[in-house]
Amino acid sequence: MNYIFKTEPSESIIITKNLEVGQELLDRAELIANPPPAVTIPIKKAKTSPVKTLVSIQGRVVSEDMIKTVKVKGNDVQVKSVTLKDETDCVKVSLWRNLSDSAAVGKFLSFTDVVVTSFNDEVSVSTTSKTTIQEKEPPSSSLEGTVVGYEVGDNCFTVLFTIGEDFQTFKIVLDILVEFLECTDEEVEYTLQQNLPFSCRQQVKDNSVESITN
């Protein structure tokens with residue numbers, strides 16, 4: 001049965017004949033009823049979004065808290081906080097209800113439709129009824145900046161990389177540095193030290209440098 005529900009001037013239901021609804025209107029109604037997920041943005045940009053904005057983010061879980069039980073409208077609800085990190089920043093994510101055990105340290109995850117919140121001047125995000133969590137392959141990205149320091153590791157170096165006013169660290173295997181600096185394995189630390197600081201472009205995946213060029 002087709003009907004029209006009126007709310008003004010008073011609530012009433014009017015029975016009608018079959019209504020022909022165009023596909024365009026049906027598509028618009030579908031978008032209103034089931035809007036697409038928020039666009040995935042870098043964590044740094046998400047943290048500058050207005051409070052209560054829905055965003056989608058992705059990154060690696062670098063820490064997690066124990067699951068807690070809190071009272072929400074008189075009911076016991078489980079919640080767990082994790083810290084998510086990408087190439088731009090890190091953020092605390094509060095996982096509510098059935099999502100409280102959906103993230104573990106070390107996993108690279110995408111979170112759709114989390115809401116931006118702020119408490120005591122700390123910006124974080126929280127899951128919503130629309131949130132989905134998926135494990136993903138870390139993306140590769142190109143970053144341009146300046147290498148200003150390093151630390152020697154086992155067959156690799158950890159370099160301190162500046163992008164504007166931001167400082168980040170990345171691991172570079174020995175072979176990549178040898179090729180970039182055009183030196184031998186034995187000369188790489190001395191050559192690196194002599195060239196500091198230097199600008200370059202790095203192809204980075206999951207905090208590891210895949211290639212480096214001038």
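## Salt bridges

The count comes to 6 salt bridges, a salt bridge being a side-chain nitrogen of Lys or Arg within 4 Å of a carboxyl oxygen of Asp or Glu. The model is predicted: local features need pLDDT of at least 70, side-chain atom pairs count only at pLDDT 80 or more, and totals for chains, interfaces and linings use all residues. Side-chain values use heavy atoms, with hydrogens and water left out, and residues are numbered from 1 along each chain as its sequence is written.

One of the salt bridges joins arginine 201 to glutamate 144, with the closest N and O atoms 2.6 Å apart. Arginine 201 lies in strand β13 (residues 198-205) and glutamate 144 in strand β10 (residues 140-152), so the pair links distant parts of the chain, 57 residues apart; strands (E, at least two residues) are DSSP runs, numbered from the N terminus.

Aspartate 89 pairs with lysine 47, and here the closest N and O atoms are 3.5 Å apart. In the salt bridge between aspartate 76 and lysine 71, the corresponding separation is 3.0 Å.

## Accessibility of the paired residues

Buried means under 20% relative accessible area, exposed over 50%, and partly exposed in between (1.4 Å probe, protein chains only). Because its relative accessibility is 52%, glutamate 144 counts as exposed, whereas arginine 201, at 35%, is partly exposed. Aspartate 89 is partly exposed at 25%, and lysine 47 is partly exposed at 27%. Aspartate 76 and lysine 71 are both exposed.

## Threonine 112

Threonine 112, in strand β7 (residues 108-119), is buried, with a relative accessible area of 17%. Beyond its neighbours within four places in sequence, threonine 112 is in contact with Pro37, Val55, Ser56, Lys130, Thr131 and Thr132 (contact: heavy atoms within 4.5 Å).

How values were computed
Helices (H or I, at least four residues) and strands (E, at least two) are DSSP runs, numbered from the N terminus.
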